[in-house]
Amino acid sequence: MAEALLQAEGLVKHYPVRAAGLRQGRAAVRAVEGVSFAVGRGESFGIVGESGCGKSTLGRLLLRLEAPSAGRVLYRGEDLGRFDSRRLKAFRREAQIIYQDPYSSLNPRRRVGELIAEPLEIHGIGGPAERRARVAELLREVGLLPDHARRYPHEFSGGQRQRIVIARALALNPGILLADEPVSALDVSIQAQVVNLLRELQERLGLTYLFISHDLGLIEYVADRVGVMYLGRMVEIGPCAALCAAPLHPYTQALWSAAPVPDPTARKARILLAGDVPSPVRPPPGCAFHPRCREAFGRCREETPALREVAPGRLVACHNR
């Protein structure tokens, strides 16, 4: 891995539950539980898992959009939690986000040029003429026309709107882009265009990507390394090619066996998991995956497995590996 640009150390995020039948201050949704990993400069790191596993919460913690309950995030070796308002604002220029839904992430009452120029205005970059020139440059960068700056978001298709969202994210020349399900709201025919655009931008601008997705095909296409989450924990981390070819954790194996194959003649052995994902309010003791695991034994029900390296670059949290 290249030099670590962003690093999570023991990240924890709990949300207190205030509901009938639950004692206030005692119950909490355990969204993220002790997650640690590092992302290298210029790397594409994919985060995958079922809905509700904590992927998006982890992304918000990494960009300090939310404060962790415990643990810390390091950016270039500095603790984000110790940044004052001035340093945090500077960090905002260096780390941007591409949201999932291009329809709700753009203000329908503002023109596209105003939306893309807004980050420049907030950070006091350039005058009006310089900002207009920068907006035109960004629109060309994402495959749109400078004249599109005068239009409103409703005049564009979903794919074009996501290109506008990407242009706005690039306005401040960031080094890190967090893409949270960046194509899941788009038609399948448009998804490949947007993904290819993101790859081209990374090569041209030297960007570092954090891809959050439940689409295993997308992650396999864009990611250099992958982290697999289950019930708030990282259960496996490794190079994308190796992890996809030979997943180690029983959950990762089941997840990849469920991925569709674009070949009607192919036969794939499916691993069907029993039961449902446990509640993040009352997670099971020991390994969180043990109630659904075919390989679980006594130790799995009592002791939480640590994420440890079992091969060069391969980390897995499993007592059987």
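This is a predicted model: local features need pLDDT of at least 70, side-chain atom pairs count only at pLDDT 80 or more; totals for chains, interfaces and linings use all residues.
The largest nonpolar core has 58 residues. Within this core, V48, I116, I166, V226, V228 and W256 have the most contacts. Helix α5 (residues 158–170) supplies the largest share of the core, 6 residues. Nonpolar side chains tend to be buried together in soluble globular proteins.

I116 shows what such contacts look like. Leaving aside residues up to four places away in sequence, I116 touches V135, L138, L139, I164, A167, R168 and A171.

Q96 lies in strand β6 (residues 95–98). Its relative accessibility is 16%, so Q96 counts as buried under the 20% limit. The side chain of Q96 reaches the backbone oxygen of R92 at 2.5 Å. Q96 also touches L63, A169, L172, P174, I176, L177 and L178, again not counting residues up to four places away in sequence.

Strand β10 (residues 233–239) has 5 of its 7 residues buried, so the strand is largely enclosed by the rest of the structure. Strand β9 (residues 225–230) is joined to β10 by 6 bridges, and the two run antiparallel. R225 has P239 of β10 as its bridge partner. The hairpin of β9 and β10 has 2 residues between the strands, and L231 there takes a positive phi near 50°. Strand β10 also runs antiparallel to strand β12 (residues 314–316), with 2 bridges between them. Here I237 stands opposite L315 in β12.

Aromatic pairs come to a count of 7. The rings of Y230 and F289 have centres 5.1 Å apart and planes at 85°, so this pair is edge-to-face. The pair links distant parts of the chain, 59 residues apart: Y230 is in strand β9, and F289 is in the loop between α9 (250–257) and β11 (308–311). Both residues, Y230 and F289, are buried. F289 also pairs with Y251: the ring centres are 5.5 Å apart and the planes lie at 65°, so this pair too is edge-to-face. Y251 lies in helix α9 and F289 in the loop between α9 and β11, so the pair ties together parts 38 residues apart in sequence. Y251 is buried, with a relative accessible area of 1%. For F289, also buried, the value is 2%.

Elsewhere, one aromatic cluster is formed by Y75, F83 and F91. R199 lies over the face of Y221, 4.4 Å from the ring centre.

Note on methods: Residues are numbered from 1 along each chain as its sequence is written. Side-chain values use heavy atoms; hydrogens and water are left out. Helices (H or I, at least four residues) and strands (E, at least two) are DSSP runs, numbered from the N terminus. Buried means under 20% relative accessible area, exposed over 50%, partly exposed in between (1.4 Å probe, protein chains only). A polar contact is a pair of N or O atoms within 3.5 Å; within protein, one must be able to donate a hydrogen and the other to accept it, and residues adjacent in sequence count only if both atoms are side-chain atoms. Contact means heavy atoms within 4.5 Å. A nonpolar core is a set of buried Ala, Val, Leu, Ile, Met, Phe, Trp, Tyr and Cys residues joined through side-chain atoms within 4.5 Å. Two strands pair if DSSP finds at least two bridges between them. Rings of Phe, Tyr and Trp (its six-membered ring) pair if their centres lie within 6.5 Å; planes under 30 degrees apart count as stacked, over 60 as edge-to-face and the rest as tilted. A charge sits over a ring if NZ of Lys or CZ of Arg is within 6 Å of the ring centre and within 35 degrees of the ring normal.
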